[in-house]
Amino acid sequence: QVQLVESGGGSVQPGGSLRLSCKASGFTLTGHTMNWYRQPPGKERELVASRSGDGTNYPDSVKGRFTISPDNATTLSLQMNNLKPEDTAVYYCLSVTWNLWGQGTQVTVSS
């Protein structure tokens, strides 16, 4: 079965770090353009990181704090540092190449 599964979410205090993983089953991520999105409570889904053959891109809201990178041929990570309460959201990975979404993982940043 072809799918993406996110993991690594949880609760953390402001200033803390989390590392999210997006694991592919049934295929490899080699050559795929991959994005991470998030959807805060009551808001629309927004792009937080993208990775393609041209490199990586981040919106200003997370630049310098988030890093998208491959761990291996089937796993993509999102390292999130210096987390803020406004980073609270459900985080999703997307294979843009195949338009395949994961189910999401919850991140909560609160003191």
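Colleague: Which residues do the ring pairs link into a cluster?
Modeller: The cluster is made of Y37, Y92 and W101, which are linked by ring pairs. Please keep in mind throughout that this is a predicted model.

Colleague: How are the rings of Y92 and W101 arranged in their pair?
Modeller: That pair is edge-to-face, with 6.3 Å from centre to centre and 85° between the planes.

Colleague: Is Y92 buried or exposed? And what about W101?
Modeller: Y92 counts as buried, because its relative accessibility is 12% and the cut-off for buried is under 20%. W101 has a relative accessibility of 33%, so W101 counts as partly exposed.

Colleague: What sits over the ring of Y92?
Modeller: The charged end of R45 does, at 3.8 Å from the centre of that ring. R45 also lies over the face of W101, where the distance to the ring centre is 4.6 Å.

Colleague: How many aromatic pairs does the structure hold?
Modeller: There are 3 aromatic pairs in the structure. One of them joins F27 and W98, whose ring centres are 4.7 Å apart and whose planes stand at 35°, so this pair is tilted.

Colleague: Where do F27 and W98 lie?
Modeller: F27 is in the loop between β3 (18-25) and β4 (34-39), while W98 is in the loop between β9 (89-95) and β10 (100-101), so their pair ties together parts that are 71 residues apart in sequence. F27 is buried, with a relative accessible area of 9%, whereas W98 is partly exposed, at 45% relative accessibility.

Colleague: Okay, changing topic to the strands: what is the order of the open sheet of 4 strands?
Modeller: The order is β1-β3-β8-β7, and the pairing is antiparallel.

Colleague: Which strands stand at the edges?
Modeller: Those are β1 (3-7) and β7 (66-72), and each has a single partner strand, so one side of each is left without a neighbour in the sheet. From one strand to the next, the twist averages 20°.

Colleague: How many bridges pair β3 with β8?
Modeller: β3 and β8, which covers residues 75-80, pair over 6 bridges in the antiparallel sense. Within that part of the sheet, C22 stands opposite L76 in β8.

Colleague: And what joins β7 to β8?
Modeller: A hairpin joins β7 to β8 through 2 residues. These strands also pair in the antiparallel sense over 6 bridges, and S69 has S77 in β8 as its bridge partner.

Colleague: Can we zoom in on T75? Is T75 buried or exposed?
Modeller: T75 is placed in strand β8, and T75 is buried, with a relative accessible area of 10%. Setting aside residues up to four places away in sequence, T75 touches S21, C22, K23, L29 and P70.

Colleague: You mentioned K23 there, so which strand is K23 in?
Modeller: K23 is in strand β3 and is partly exposed, with a relative accessible area of 44%. Beyond residues up to four places away in sequence, K23 touches Q3, L4, V5, T74 and T75.

Colleague: What joins the side chains of K23 and T74?
Modeller: A polar contact of 3.3 Å joins those side chains. For another distance involving K23, its C-alpha lies 8.2 Å from the C-alpha of S7, although K23 and S7 are 16 residues apart in sequence.

Colleague: Last topic: where is L47 placed?
Modeller: L47 is in strand β5, which covers residues 46-52, and L47 counts as partly exposed at 38% relative accessibility. Leaving aside neighbours within four places in sequence, L47 is in contact with N35, W36, Y37 and P59.

Colleague: How far apart are L47 and Y92, in sequence and in space?
Modeller: L47 and Y92 are 45 residues apart in sequence and 9.4 Å apart in space, taken from C-alpha to C-alpha.

Colleague: And S50, is S50 buried or exposed?
Modeller: S50, which is placed in strand β5, is buried, with a relative accessible area of 12%. Not counting residues up to four places away in sequence, S50 touches M34, N35, G55, T56, N57 and I68.

Notes. Residues numbered from 1 in each chain as written. Predicted model: local features only at pLDDT ≥ 70, side-chain atom pairs only at ≥ 80, totals over all residues. Heavy atoms only, no water. Phe/Tyr/Trp six-rings, centres within 6.5 Å; stacked < 30°, edge-to-face > 60°. Buried < 20%, exposed > 50% of the residue type's maximum accessible area, 1.4 Å probe, protein only. Lys NZ or Arg CZ within 6 Å of the ring centre and 35° of its normal. Pairing = 2+ DSSP bridges. Axes fitted to C-alpha atoms, helices over the stretch in contact; angles between N-to-C directions. Contact = heavy atoms within 4.5 Å. Polar contact = N/O pair within 3.5 Å; in protein donor to acceptor, adjacent residues only side chain to side chain.
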